[in-house]
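Welcome, and thanks for taking a look at this one with me.

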Amino acid sequence: MRVNKKKFIYLISPNKIKKSFYNDLVEILKLQKVGFFQLRLKKTSFKKKLFIGKKVKKICNKYNTKFLVNDDVLLAKKLNTDGCHLGQKDMKILEARKILKKKIIGITCHNSLKLAKIAIKNKADYLALGAFYKSKTKKTKFKAKIYLLKRLAKITKIPVVAIGGINSLNYKKLLLNKANFLAISGYIWNNKKLKPIEAIEKLK
């Protein structure tokens, strides 16, 4: 999986999709900073996710952004997305690989070098680590330390996505310490001071 330094943002969808979301997504992807967009809808029906996913896929295709689905391998297959992101409690990567073949599969490794090594062995396409900072998007069960990024950079070439509470004040530290991509959600979609386009423009 190639790493494009300019496209260092791994953007995760808001928990609820409002009408304004699609226009905001177009404006954001136009900036060419987002390498990946992940559709993460925990409390939405398969049918609704399919409907939203089709619209999102068109936008991602237009702006050359990889489109991934969270948790749901069958949805990723049905939408023919670029891939899927799997947590530790989701379908196992080897099973998902049989369904998605050569598509991108990323794995949540929390703050664990052991889980990261298992994911590397199972040929994950990227590793997601965190949370590095407190997040309002989801409860922070696992706290990751910066040294873990440096450690992984020494043992693997697989891209690493840093997650958890990332914003305009702390993002540079993660990039300087070998994170390839930054997963961002709340800072963009739930920012009380800035519109989504203004928030993302601060990440340079």
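## Burial and the model

A residue is called buried under 20% relative accessible area, exposed over 50%, and partly exposed in between. Asp71, at 25% relative accessibility, therefore counts as partly exposed. Please keep in mind that this is a predicted model.

## Salt bridges

The structure holds four salt bridges, and three of them are worth a visit here. Let us begin with Asp71, whose side chain meets that of Lys42 in a salt bridge with an N to O distance of 2.5 Å. Asp71 sits in the loop between strand 3 (66–70) and helix 3 (73–79), while Lys42 belongs to the loop between strand 2 (34–39) and helix 2 (46–62), so this pair ties together parts that are 29 residues apart in sequence.

Asp72 takes part in a salt bridge too, with Lys49 as its partner (3.6 Å, N to O). This pair also links distant parts of the chain: Lys49 is in helix 2 and Asp72 in the loop between strand 3 and helix 3, 23 residues apart. Both Lys49 and Asp72 are buried.

Within helix 1 (residues 20–30), you will find Lys30 and Glu27, which are three residues apart and therefore separated by about one helical turn. Their side chains form a salt bridge at 3.5 Å, N to O. Lys30 is partly exposed at 45% relative accessibility, and Glu27 is partly exposed as well, at 36%.

Lys154 is placed in helix 6 and has a relative accessible area of 75%, so it counts as exposed.

## A buried asparagine

Asn177 is found in the loop between helix 7 (171–176) and strand 8 (181–184). Is Asn177 buried or exposed? Its relative accessibility is 12%, so Asn177 counts as buried.

## Cysteines

How many disulfides does a search of the whole structure find? The search finds zero. For Cys60, the nearest cysteine sulfur is that of Cys84, 14 Å away. A disulfide needs two cysteine sulfur atoms within 2.5 Å, so a distance of that kind rules one out. Cys60 is buried, at 0% relative accessibility.

Cys84 is in no disulfide either, and its nearest cysteine sulfur, that of Cys109, is 14 Å away. Cys84 is likewise buried, with 0% relative accessibility.

Definitions and conventions: Residues numbered from 1 in each chain as written. Predicted model: local features only at pLDDT ≥ 70, side-chain atom pairs only at ≥ 80, totals over all residues. Heavy atoms only, no water. Buried < 20%, exposed > 50% of the residue type's maximum accessible area, 1.4 Å probe, protein only. Helix = DSSP H or I, 4+ residues; strand = E, 2+ residues; numbered from the N terminus.
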